[in-house]
Amino acid sequence: MQNLTLTWQASAGASAALYGAAFAVRRVRAVGAAGRRELASAVLREAGTLLALFTLWQLVGHLSLMSTDHALDRAEWIHRTELKFGLPDEVSWQRAVVPHPWLVEAANYYYATMHFGVMLVVLLWLFLRHRARYAWVRTTVVLTTAACLLIQFIPVAPPRMLPGNGFVDLAVQYGQSVYAGGPVAGVVPDQLSAMPSVHVAWCVIVAVAVIGVARWRWRWLVVLHPLVTVVVVVVTANHFWADGLVAIGILLVVYLVQQAASGWRHHALPLHTGAPPSEARQERSRAGR
């Protein structure tokens with residue numbers, strides 16, 4: 001089966017193309033279409049920024065500040081420590097889905113595609129419908145991902161690389177591995193950056209954003225996304241529980257830092273709202289409905 005994720009080359013090329021398109025759209029002079037032109041340019045630019053971040057994530061994985069020789073040892077230590085603290089053994093969760101091929105294939109697809117796809121859709125929705133809230137969420141994504149990437153300079157193997165502990169690489173077995181094919185253009189696919197889990201961090205950001213911004217009653221269904229993601233990364237043996245817990249801890253720190261910075265800006269510039277007055281009025285109008 002074909003690789004299910006973008007390579008760093010594809011995402012970098014798409015990012016460059018989007019930035020170029022954003023610039024080109026801004027240069028087009030069409031009578032009476034200035035507003036639409038600015039909106040289209042901004043959408044293309046933000047999409048290019050997200051893909052650039054994804055490219056960085058793909059590239060950083062093959063770099064490390066420490067030797068990769070002990071990546072498996074660190075994974076072994078995480079597994080032992082989890083069991084010592086009484087966390088459920090990920091092996092038992094994986095064994096529960098192994099007899100059901102359709103569940104395995106669905107989990108592999110979800111792991112490979114949904115973290116990026118859902119994030120892209122939510123950011124687009126925020127940008128088009130809730131512009132005043134968009135910058136906060138985008139900054140959260142950038143800061144959280146950057147913090148995760150810094151920690152990932154210390155290589156840690158995923159559970160699927162520990163067959164001696166009972167884990168199985170289900171994606172390889174089913175021909176759905178995003179790491180299949182070996183090095184691409186001299187870059188080794190990111191396999192030793194399991195700690196922390198960017199998948200878990202992103203899905204929680206999505207859920208918090210939708211619940212906090214949307215006003216329709218069905219918004220709480222988005223909680224299923226992080227719940228399903230956590231189960232998926234565990235049963236596919238791509239992450240330990242600890243990988244997700246650390247990611248959520250990083251996200252909480254990012255929220256606190258943003259809140260503190262927002263409070264400082266509010267006191268320093270009391271008239272600044274972070275959005276044009278018209279957008280701020282739109283947000284208050286939506287909130288009142």
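1. Over residues 135-154 the chain is 85% helix and 0% strand, with the end C-alpha atoms 30 Å apart; helices here are DSSP runs of H or I with at least four residues, strands are runs of E with at least two, and both are numbered from the N terminus. The UniProt record, an unreviewed entry, lists this stretch as a "transmembrane region", and the others it lists include residues 218-234, although such annotations may be inferred rather than shown by experiment. For residues 218-234 the span is 65% helix and 0% strand, and its end C-alpha atoms lie 27 Å apart.

2. This is a predicted model, in which local features need pLDDT of at least 70 and side-chain atom pairs count only at pLDDT 80 or more, while totals for chains, interfaces and linings use all residues. Residues are numbered from 1 along each chain as its sequence is written, and side-chain values use heavy atoms, with hydrogens and water left out.

3. Leaving aside residues up to four places away in sequence, V122 touches V206, A209 and V210, where contact means heavy atoms within 4.5 Å.

4. In helix 3 (residues 71-84), A71, R74, A75, I78, H79, T81 and E82 are buried, that is, under 20% relative accessible area, whereas exposed means over 50% and partly exposed lies in between (1.4 Å probe, protein chains only). Seen down the axis of helix 3, these buried residues fall within an arc of 165°, so they line one face of the helix; the arc is taken from the directions from the helix axis to the C-beta atoms. The face turned away from this buried side carries the exposed residues W77, R80 and K84.

5. There are 2 salt bridges, each defined as a side-chain nitrogen of Lys or Arg within 4 Å of a carboxyl oxygen of Asp or Glu. One joins E46 and R138 (2.8 Å, N to O), linking helix 2 to helix 6 across 92 residues; E46 counts as buried because its relative accessibility is 11%, while R138, at 29%, counts as partly exposed. The side chains of R160 and D169 also meet in a salt bridge (3.7 Å, N to O), and both of these residues are buried.
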